[in-house]
Amino acid sequence: MLKQRVLTALVLLMVLLPALFYTQPEPFFVIAALFIAAAGWEWARMNGLSMSTSLVAGGLCVLACFGMWWSGLLAEAWPRVWLLTGAVWVLAGAWMLKAGVAAWSQVVRPVRLVLGLLALWLTWLAVVQARLLGINFLLSVLALVWMADIGAYFSGRALGGRFIRRKLAVSISPGKSWEGVWGGMAGVILMACIWRYADAANGASSPSFYTLLGQRGLGFMVVAVVFMAAMSVVGDLIESLVKRSAGVKDSSALLPGHGGVLDRVDALLPTLPLAMMLVSF
């Protein structure tokens with residue numbers, strides 16, 4: 001299993017890194033759209049659709065992404081779109097986690113399908129606009145999610161249950177602890193401060209997410225990255241909730257040793273649009 005995970009990770013890096021660092025952003029746009037299409041197929045399958053209908057759902061994701069691209073609107077500012085998207089993620093995420101698995105399964109299937117595909121399309125739009133702001137900006141947002149996950153893993157293993165015995169969301173993801181969330185937030189704050197300092201010290205040609213937040217003050221940056229770390233946890237928990245509702249362990253087996261695409265990007269679904277929201281005003 002470990003060899004399988006490592007091999008899959010290496011293949012993904014060989015595909016993603018050249019596209020990300022290519023002088024023109026278009027190859028990255030295409031790769032991102034293909035990942036979104038795969039996630040759309042997974043989402044449809046988890047909501048009980050047939051293989052053929054799920055393939056259509058994935059195709060619609062690609063068409064929506066390329067349609068926005070061909071319209072020439074990718075570089076336009078979308079502050080109201082990101083504000084609305086962020087508000088929906090916060091409010092709907094809170095409702096879903098409070099209501100639990102049973103409530104989600106009672107939402108009619110067409111609504112569940114449309115909400116998921118719309119969230120995926122908006123994530124593609126957000127990652128594309130983040131890439132247009134600069135590789136430094138996009139990497140800093142991605143690194144925030146990775147740091148929140150890594151910090152949560154190690155602090156959860158070392159301190160989980162020592163201060164708060166009640167689990168974070170025992171009916172959705174029994175392994176997650178409050179101590180893990182705090183550790184992830186602490187790691188994100190530390191990384192943001194270091195990254196912002198490195199931008200200034202090295203004269204970064206394009207600002208990172210943290211440099212842009214820091215322009216409004218250190219306090220704003222800290223609050224913003226803590227909020228982002230919290231929403232990355234929300235994205236992770238919501239995907240776990242949907243999988244429990246569907247009765248599956250992984251969103252698919254597309255990525256051997258890693259599960260599916262949704263299993264790898266779940267925390268990015270809220271955080272990428274929210275990052276664009278925070279820097280759009």
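Reader: Buried means under 20% relative accessible area, exposed over 50% and partly exposed in between (1.4 Å probe, protein chains only). Where does W43 fall, buried or exposed?

Author: W43 counts as buried, because its relative accessibility is 11%. Please keep in mind that this is a predicted model, in which local features need pLDDT of at least 70 and side-chain atom pairs count only at pLDDT 80 or more, while totals for chains, interfaces and linings use all residues. Residues are numbered from 1 along each chain as its sequence is written, and side-chain values use heavy atoms, with hydrogens and water left out.

Reader: OK, and which helix does W43 lie in?

Author: W43 belongs to helix α2, which covers residues 26–46. Helices here are DSSP runs (H or I, at least four residues), as strands are (E, at least two), numbered from the N terminus.

Reader: What does W43 touch, if I skip residues up to four places away in sequence?

Author: With those set aside, W43 touches W104, R112, L113, G116 and L117, and also V242 and L262. Contact means heavy atoms within 4.5 Å.

Reader: Switching to the core: which residues of the largest nonpolar core touch the most other members?

Author: That core has 82 residues, and W124, L138, L144, F209, Y210, V225 and M228 are the ones that touch the most other members. A nonpolar core is a set of buried Ala, Val, Leu, Ile, Met, Phe, Trp, Tyr and Cys residues joined through side-chain atoms within 4.5 Å.

Reader: Take W124, then. What is W124 in contact with, beyond neighbours within four places in sequence?

Author: Beyond those neighbours, W124 is in contact with F29, A32, A33 and I36, and likewise with C65, M68, W69 and L74.

Reader: Now α10. At what angle do α7 and α10 pack?

Author: Helix α7 (residues 135–159) packs against α10 at about 65°, and their axes are 9 Å apart; axes are lines fitted to C-alpha atoms, for helices over the stretch in contact, with angles from 0 to 180 degrees between N-to-C directions. On the α7 side the contact is made by V141, L144, V145 and A148, and on the α10 side by V225, M228, A229 and S232.

Reader: And at what angle do α8 and α10 cross?

Author: Helix α8 (residues 178–202) and helix α10 (residues 218–246) cross at roughly 135°, where their axes come within 9 Å. In α8, V181, M185, V188, I189, A192, C193 and R196 take part, and they meet L218, M221, V222, V225, V226, A229, A230 and V233 in α10.

Reader: What about D236, buried or exposed?

Author: D236 lies in helix α10 and counts as buried, because its relative accessibility is 17%. Leaving aside neighbours within four places in sequence, D236 is in contact with K176, D266 and A267.

Reader: Last one: where is H258 placed?

Author: H258 sits in the loop between α10 and α11 (261–265), and H258 is buried because its relative accessible area is 15%. Not counting residues up to four places away in sequence, H258 touches R5, T8, A9, D263 and R264.
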